[in-house]
Amino acid sequence: MNAEVSHEIVLNVNGEVKRFSAPARRLLSDALRGDLGLTGTHVGCEHGVCGCCTVLIDNQPVRSCLTFAIAAQDRKIRTVEGLADADGELHPVQAAFKECHALQCGFCTPGFLMTATALLEQRPNPDEEEITEALAGNLCRCTGYQNIRSAIGHAIELMQSDI
Amino acid sequence: MTTRSFGKPVRRTEDLRLITGQGSFTDDAGSDALSLVMVRSPYANARVVSIDVSEAEQLDGVTAVLTYEDLPDRLAEPLPLLIPHPSLSEPRTQHILAKDRVRYVGQAVVAIFAADRYIGEDAAERVIIEYESKVAVVGIDGALGTNLVHHDVPRNVAADHSEHVGDVASALAEAPHVLELDFEMERSLGSALEGRASHATWDRHSRKLQIQNATQTPTSVRFAVANILEIPDEQVEVFAIDVGGGFGTKVIHPWPEDILTAWGAMNYDRAVKFTEDRVEHFISSSHERGQRHHVKVGFNTEGQILGLDVDFVHDNGAYTPYGMIAPLITATQLPGPYKLPNYRVRFRSVYTNTVQVTPYRGAARPHAVFTMERTMDRIASFLGIDRSEVRQRNFIQPDEFPYDLGMIFQDGRPAIYDSGDYPEMLNKALAMIEWDSFAERRSQAPPGKRRGIGVACYVEGTGLGPYEGGHVRVETGGKIQVSTGLASSGQGHHTVFAQIVADELGVPFEDVEVVTGDTRRFKYAVGTFASRAAVTSGNAVAEAARLVKKKAIALAADALEANPEDLEIVDGQVQVKGTPVRAIPLSQVAVLANPLRYSFSEAAKAATQFAGTTSFDEPPIKPGEDPGLEATGWYSPVRATFASGTHAVEVEVDLITSEVEILRYCVVHDCGRIINPLIVEGQIHGGVAQGIAGALYEKLAYDEDGNLQNASFMDFLMPYCTEIPKIEIDHLETPSPLNPLGIKGAGEAGVIPVSAVIASAIEDAEGFEINQMPLFPSELHSMRLASGRQPA
Ligand code: FES
Ligand code: FES
C-alpha cells in the first residue's frame with residue numbers, strides 16, 4: 001500500500017524558522033518532539049486533557065496534541081525551551097518552580113510553565129481564583145499542586161521586583 | 001566545618017534540566033526508531049480463533065507483524081513470576097503475546113513494528129482477529145462465582161493465606177462486645193503522566209543492547225531481558241534517566257513491550273521504541289486497591305481490642321506477576337499502631353478478567369488502614385467514647401519498642417516495629433486540627449451544609465532489603481561522582497544523596513553529582529518501591545563516602561607527613577585539625593590515589609613515576625588497596641524500619657449536591673531523621689493528593705463484560721488543582737535505630753490513611769456508616785436516601 005504524501009512545513013518556534021517535511025496528520029506535539037528535537041514538550045494523554053503538551057501559539061496556551069503542525073504555520077510558537085533568555089537566565093516562572101519545589105518528576109512541568117507564563121503575561125497580578133482558573137486544565141500526579149500554586153505567587157513577586 | 005546540608009531544605013539539583021526542557025525521558029530518545037504498536041484484545045475472556053495480519057503487513061512502512069506463533073524460543077514462554085510465595089499455589093503470568101486465549105480487555109495479541117506510531121496504528125486497524133468470547137469474570141462477586149478465568153485454577157483462587165498471633169477464637173468468645181463489620185475499596189491506578197516506555201538499540205559492533213526504560217528497577221529489567229533473550233548480562237545496559245512518575249506501576253517488569261523492543265532492536269538491527277498511550281495505561285499496565293474485608297472484633301468496655309479476625313478477598317486481576325505482595329501487605333500492616341494480642345487474618349487472592357493488580361503507591365496499606373481505622377471508629381461509636389480516646393487506649397507505647405507483631409512482613413522477615421511515638425503523634429494531630437473545639441465549628445456550618453471531623457493513624461514498613469549499594473568517586477577535577485542502582489521518578493534522589501555524601505565526605509554540596517538507575521554506572525540494585533530508596537541507597541552512599549574519606553585521609557597523611565588521626569576534611573580540603581594551612585585538596589589526593597606512568601595534566605604530574613615517592617620498599621599500590629579515590633558501600637537492612645503518621649481532616653458536605661469539601665487537612669508524619677524537609681513535604685503533598693483522588697474522585701469502572709468504561713482522563717476523574725486543598729504538615733522525628741542515618745521511608749506515607757480519615761469525617765458529618773471508598777456524590781446521595789435521611 002502507498003506511502004503517505006508529505007508536505008513541506010515551516011514553523012516559527014522560539015523565534016527560529018524551522019522547515020521539515022511531514023504528512024498532514026502530523027500533530028504539532030509530535031512535530032516539535034520528533035521532527036524538531038524539542039522534547040521539552042511532553043505528551044501525557046494525547047487527547048487534550050492533561051495539559052502536558054501545552055505550548056504558546058501567538059501567546060495563547062494551546063494543546064499541541066490537538067493541533068496539526070501544518071495548521072500552526074505562520075504563527076508564533078513558544079515552547080519551554082524558549083523560556084529562559086539567550087544567556088541562560090531563567091524566566092521568573094522557571095526560577096519560581098525551582099525555588100518552591102513545584103516539580104517532582106518534571107513530566108507535567110513544561111505544560112505548567114507555559115500555562116503560567118501565558119497567565120502572567122496577560123494578567124501580571126492575578127488573584128487566587130484567576131490562578132486556579134488558569135491552572136485548572138493541567139494535571140500533575142506528583143506534587144498535589146500546593147507548591148505549584150506557591151510558585152505562581154513567587155513568580156509574581158520575582159516579576160514585580162524585576163521592574 | 002563544612003556547612004551540613006542534611007536536614008536542610010536544599011533546592012533540587014534535578015530541576016534545572018527539567019524546567020528548561022532538557023529532561024531525558026524515554027520517549028525523548030529515538031525519533032527515528034521503529035515504533036512498536038500493540039493490537040490489544042477488546043474482549044475480557046475469549047478464545048483467539050484466528051488472526052489475519054496479511055493486510056497489515058503490506059502497508060508501506062511496516063517492518064513486521066507478529067503473533068504468538070512468531071515468537072522465538074524463550075519469548076514464547078510466560079513472563080516471569082517476580083515474587084513467588086508458598087501460599088501462592090496458582091500463580092499465572094501472561095505471555096508476551098496472547099496464546100490462544102485473552103483474559104482481559106487490553107491484553108496484547110499482535111505486535112507491529114512500523115516506521116512510526118501513525119503507520120503502526122494504521123496497520124493495527126488492518127489486523128483481523130476472530131475471537132470466541134466467553135462469560136467474563138468481573139469483580140469479587142464474579143470471582144467467587146462459578147465461571148473461571150483460568151480453566152485450571154479452581155474457584156479462581158490464586159492464593160489462600162492465613163496468619164495469626166494469639167488465640168482469636170477464645171478472645172472473641174470471651175470478649176464483652178463483638179462487632180462484625182464489612183469494608184470495601186475499589187480500584188484505581190498509578191496513572192503517572194508518563195506512561196510505560198522502552199527504547200532499545202543494538203550495536204552489532206560492540207555487541208551491546210542499550211535500553212532506556214521508564215522503570216523503577218533498571219537492574220532487574222537488565223537481568224530479565226538478558227535471561228529471556230538468552231544473551232550475557234554484560235551485553236545488556238539499562239538506564240532510566242528521567243522517569244515521569246512511577247507509583248509502583250513501573251516496578252513491574254519485564255512488560256511484553258520491554259522484551260519486544262529489545263528483541264526487535266537485535267533482530268531488525270534498528271532502534272525500536274514503545275511508548276504507552278493513555279488508553280493503554282488504563283487497560284494494559286496495572287491497577288490496585290480492589291479488596292473486600294470482613295471483620296470480627298472483640299473488645300472490652302474501655303474499648304481495648306481483645307481479638308481481631310479479618311477475612312478479606314483481593315481481586316488480583318487476570319495475572320499475578322508480582323505474586324501476592326499486595327494482599328500480604330494488607331495482612332501485615334492492618335494492625336497499625338495498635339496492640340493486637342490476638343489477631344488472625346486470612347485472605348484469598350482471586351482471579352478476574354480484568355487488568356492485573358500490583359502495588360500502587362501505598363501498596364494495599366490504604367485498604368488495611370481503612371479497615372482498621374473504620375473498626376476503631378465503630379468501637380468508639382458503640383461505646384460512646386471519643387474516637388481519639390479509643391485509639392489512645394490501644395496504642396503501642398513509646399517504651400514498648402522494639403515491638404514484635406508476631407507476623408512475617410513482605411520482605412520475608414519478622415514485622416518488628418523499631419521506633420515511634422504514636423500517642424504523641426495523635427496529640428499533635430488533634431491539636432493541629434483543633435479537635436476539642438470542633439463542636440463549635442460544627443454548629444457554625446452554613447445553611448445547607450453539614451460538617452464533620454475525622455482522624456486516622458497508620459504505621460508503614462519502609463526501607464526494606466535485600467540491599468542497595470552506592471559508589472562514590474572523587475575526580476581529579478574535584479567533582480564527586482556518586483551512583484546508585486535504583487532509579488528515580490521524581491523523589492529528588494539526586495539531591496538527597498548529594499546532601500548525604502557532601503556531609504559524610506566534607507565537601508560542598510554543589511560539587512557532588514549523582515546518577516541513579518544506570519546499570520553502566522552501578523550494576524547491583526533492587527529498586528525504588530516500598531518507600532525504601534532514601535533508607536537503603538542513602539545509607540549505602542553514606543557508607544561509600546565514609547570509605548572514601550578514610551582512604552583520602554590515609555593518602556593525605558602520607559603527602560602531608562601527618563598523623564591520619566590529626567586530619568579532617570573541610571570544604572573539600574584534607575587539612576591538619578587546627579592548622580588549616582597544612583592542607584591538600586581532595587582533587588589532588590585523587591591524583592595521588594592513582595599512580596601514573598602517563599601524565600594528562602599539570603596536576604597529574606605529581607602522580608607520575610619520577611615525581612618522588614615516600615618509600616621504595618612498598619609497591620605503588622599497597623597490598624589490599626585499589627587505585628583511584630573511590631569506594632563502593634552497601635547497605636543491607638536486617639529488616640524494614642517502620643514510619644508512621646496521623647492525619648486529621650475537617651469536611652463540609654453539601655446537603656443538596658452531596659459534594660464533599662475538605663476544609664482543613666492536617667498531617668503529622670514521622671519518617672525518622674529528615675534529610676530534606678522540602679522534599680519530604682512534597683512527597684506528602686503528592687501522596688495526600690493521590691489519597692484524596694482515591695477517596696472522592698477515582699474509580700476504575702468495569703462493566704459486566706469486563707470493559708473498562710472510563711479508560712481516559714475525560715472519564716477517569718484524576719484531580720486538578722481545583723480538587724486538592726492545602727495540606728498542613730507537622731513532623732515528629734523518632735530516628736530509626738536500624739540504620740546509621742536514622743532515617744525511615746517517606747514516599748508512600750501521604751496516601752495511606754486518606755480514605756480512612758475522609759470516611760471518618762463524612763460519617764461524622766452524616767451520622768450514618770461509611771463502609772466503602774471511593775465515595776462519589778451520587779453514592780453519598782443514595783446512602784442518604786437509604787438511611788432515611790431526606791436531602792435538605
Ligand atoms: S498530551 Fe495534550 S493535553 Fe494531554
Ligand atoms: S511533577 Fe510529576 S506529574 Fe507533575
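The buried residues of α5(A) pack against α2 (92-99), α3 (109-122) and α4 (128-135) of chain A, and also against α17 (677-697) and β28 (727-731) of chain B. Contact here means heavy atoms within 4.5 Å, and buried means under 20% relative accessible area, with exposed over 50% and partly exposed in between (1.4 Å probe, protein chains only). Helices (H or I, at least four residues) and strands (E, at least two) are DSSP runs, numbered from the N terminus.

This is a predicted model, in which local features need pLDDT of at least 70 and side-chain atom pairs count only at pLDDT 80 or more, while totals for chains, interfaces and linings use all residues. Residues are numbered from 1 along each chain as its sequence is written, chains are lettered from A and ligands numbered from 1 in the order in which they are written, and side-chain values use heavy atoms, with hydrogens and water left out.

**Helices of chain A**

- The buried residues of α5(A) are A:Gln146, A:Asn147, A:Ile148, A:Ala151, A:Ile152, A:Ala155 and A:Ile156.
- Helix α5 (residues 146-162) of chain A has 17 residues and should span 24 Å at 1.5 Å a residue, which agrees with the 25 Å between its end C-alpha atoms. The expected span of a helix is 1.5 Å times one less than its number of residues.
- In α1(A), the buried residues are A:Leu28, A:Ser29, A:Ala31, A:Leu32 and A:Arg33.
- The cover over these buried residues of α1(A) includes β1 (6-13), β2 (16-23), β3 (54-57) and β5 (76-78) of chain A.

**Domains**

- Chain A is divided into domain 1 (6-82) and domain 2 (92-162); domain bounds come from an automatic or database domain assignment.
- The centres of domain 1 and domain 2 of chain A, taken over C-alpha atoms, are separated by 22 Å.
- Between these domains of chain A, 18 residues of domain 1 are in contact with 16 residues of domain 2.
- For chain B, the assignment gives domain 1 (32-134), domain 2 (196-275), domain 3 (291-396 + 406-464 + 638-786) and domain 4 (465-635).
- In chain B, 38 Å separate the centres of domain 1 and domain 3, taken over C-alpha atoms.
- 19 residues of domain 1 of chain B are in contact with 18 residues of domain 3 of chain B.

**The second largest pocket**

- The second largest pocket holds about 990 Å³ of space. On a 1 Å grid over the protein atoms alone, a cavity is a set of points where a 1.4 Å probe fits but cannot get out, and a pocket is an open set with protein on both sides within 12 Å along at least five of seven lines. Grid points are joined across faces, edges and corners, and a volume is the space filled by probe spheres set on the points.
- Elements giving two or more residues to the lining of this pocket are α1 (28-35) of chain A, together with β1 (34-40), α3 (117-125) and β12 (272-275) of chain B.
- The pocket is lined by 40 residues, and A:Asp30, B:Asp27, B:Arg117, B:Tyr118 and B:Thr275 lie nearest its centre. Lining residues have an atom within 4 Å of a point.
- The lining has 12 nonpolar, 9 polar and 19 charged residues. Ala, Val, Leu, Ile, Met, Phe, Trp, Tyr, Cys and Pro count as nonpolar, Asp, Glu, Lys and Arg as charged, and the others, Gly among them, as polar.

**Backbone features of chain B**

- B:Gly465 and B:Pro466 are joined by a cis peptide bond, with omega about 0°; B:Pro466 is in the loop between β18 (449-462) and β19 (468-474) of chain B.
- A cis peptide bond, with omega about 0°, also joins B:Met773 and B:Pro774, and B:Pro774 lies in the loop between β29 (772-773) and α19 (777-786) of chain B.
- B:Glu434 is not a glycine, and its phi is positive, near 55°. B:Glu434 is partly exposed, with a relative accessible area of 43%.
- B:Ala530, also not a glycine, has a positive phi of about 50°. B:Ala530 is buried, with a relative accessible area of 9%.

**Individual residues of chain B**

- B:Ala64 is in strand β3 (residues 62-66) of chain B and is buried, with a relative accessible area of 12%.
- Not counting residues up to four places away in sequence, B:Ala64 touches B:Ala111, B:Ile112, B:Phe113 and B:Tyr268.
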